[in-house]
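Please find below a colleague's note on the model shown here.

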Amino acid sequence: MSAEAQVAGLSPRAVAALAVVYTAIYVVPIYLSPTSRPAPNLSRDSPTVIRSRVRAASFSCLVCTLATLLVVTGRGGATLAEALRLMGWWPVHLADVARVVLLVAVLFAGPLFEAGVVEGGWTSWIRADGLADALGSWTGYRNYVAGPVTEELIWRSLLVPPALLALPHSALTTSTSTTTSPSTPSHATNNPTSTLTPTSLVLVLPLSFALAHIHHFYEFSLTHPRTPLFAQLLRSLFQVLYTSLFGAFATFAFLRCASLPAVVAAHAFCNWMGLPRLWGRVGAGSVVAVDGAGPDHAKGLRGWSEVRTDAGVAWSVAYYALLVGGAVGFYVLLWPLTESERALVRF
């Protein structure tokens, strides 16, 4: 912002209202078209449904982008270049993207070991076998491109910048200022009476992201009417928990490095991996991914075919050791690998 610009600030209630409005703008259009709204005889994996929902999500992103730009430039007094930086669009720093993806890969050390070493998938990864086919399909495009891009755009890139206006001045950072990397305004008044903290943003903002997935309960109940209601509720609660945890991490990473590509890449990676195995013996004939496990319920490029090998107990011991070690490593590396001179806030 210019030296004379002053940020009027937003109240925490205004930020919460904006989160609800953005969530509604993203979810409601799905129900406006007969080709996208849930129905008993309509699969969410149908190309027609996916195309319709991608169009609706794209329109929602356009509307929310204009709204955020209006708030940040109008209410906040930012220039267009500063707004793009706060939204994580530009400049793109590949080192930040690589560090965030590496952090997520550490968390999934166990599943990567199972899929790559035990099941021998590492050779396919090197050759990128199946990548073109997966991304060329509508389900792959949704799970690894459209889903991560539109969701991270709404709940990180477009919701975090207005939320910064609700923070007290002391919570903001002053990044290295260049003509291509405008700084977060250290002189901004923001909301001097606000008790909101960066940690609050990490914990609260993802709730709207999780709530946006509740409508899948309605969709699942229509397409799986014979599934007991209790099982449907448990499935939905698990999705809310999983998306809340991922949303908290993505919000934290975005606040730490201000990079939309970084959180999009992390989101796509999690969709590819799915839910880690938490029990059972590796290589004993089990599916690789679990339906509904990822933030976008992705099946994963690794497929659903059963893998039967002669893996011994040592492989399982190694897997669970890496699973625990990956979680510990994620905790230890969380701050170092998300550190960036482009951080938006001070924790």
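**Notes on the predicted model**

1. Helix α8 is mostly covered, with 15 of its 20 residues buried. The model is a predicted one, and the points below should be read accordingly.

2. Helix α8 spans residues 138–157, yet its end C-alpha atoms are only 25 Å apart, whereas a straight helix would reach 28 Å at 1.5 Å a residue. The helix carries a kink of about 40° at Ala 146, shortly before the proline Pro 148.

3. The largest nonpolar core has 67 residues. Those touching the most other members are Phe 108, Ile 154, Leu 164, Leu 167, Phe 249, Leu 255 and Leu 344. Helix α12 (residues 229–257) supplies the largest share of this core, ten residues. Another core, of five residues, lies apart from it and includes Phe 113, Val 118, Val 282 and Tyr 319.

4. The unreviewed UniProt entry places the feature "transmembrane region" at residues 14–33, 54–77, 97–118, 240–269 and 317–337. In the model, residues 14–33 are 70% helix and 0% strand, with end C-alpha atoms 30 Å apart. Residues 54–77 are 92% helix and 0% strand, and their end C-alpha atoms lie 32 Å apart.

Note on methods. Residues are numbered from 1 along each chain as its sequence is written. This is a predicted model: local features need pLDDT of at least 70, side-chain atom pairs count only at pLDDT 80 or more; totals for chains, interfaces and linings use all residues. Side-chain values use heavy atoms; hydrogens and water are left out. UniProt positions are given in the numbering used here, feature names are shortened, and annotations may be inferred rather than shown by experiment. Helices (H or I, at least four residues) and strands (E, at least two) are DSSP runs, numbered from the N terminus. The expected span of a helix is 1.5 Å times one less than its number of residues. The bend at a residue is the angle between axes fitted to the seven residues ending there and the seven starting there. Buried means under 20% relative accessible area, exposed over 50%, partly exposed in between (1.4 Å probe, protein chains only). A nonpolar core is a set of buried Ala, Val, Leu, Ile, Met, Phe, Trp, Tyr and Cys residues joined through side-chain atoms within 4.5 Å.
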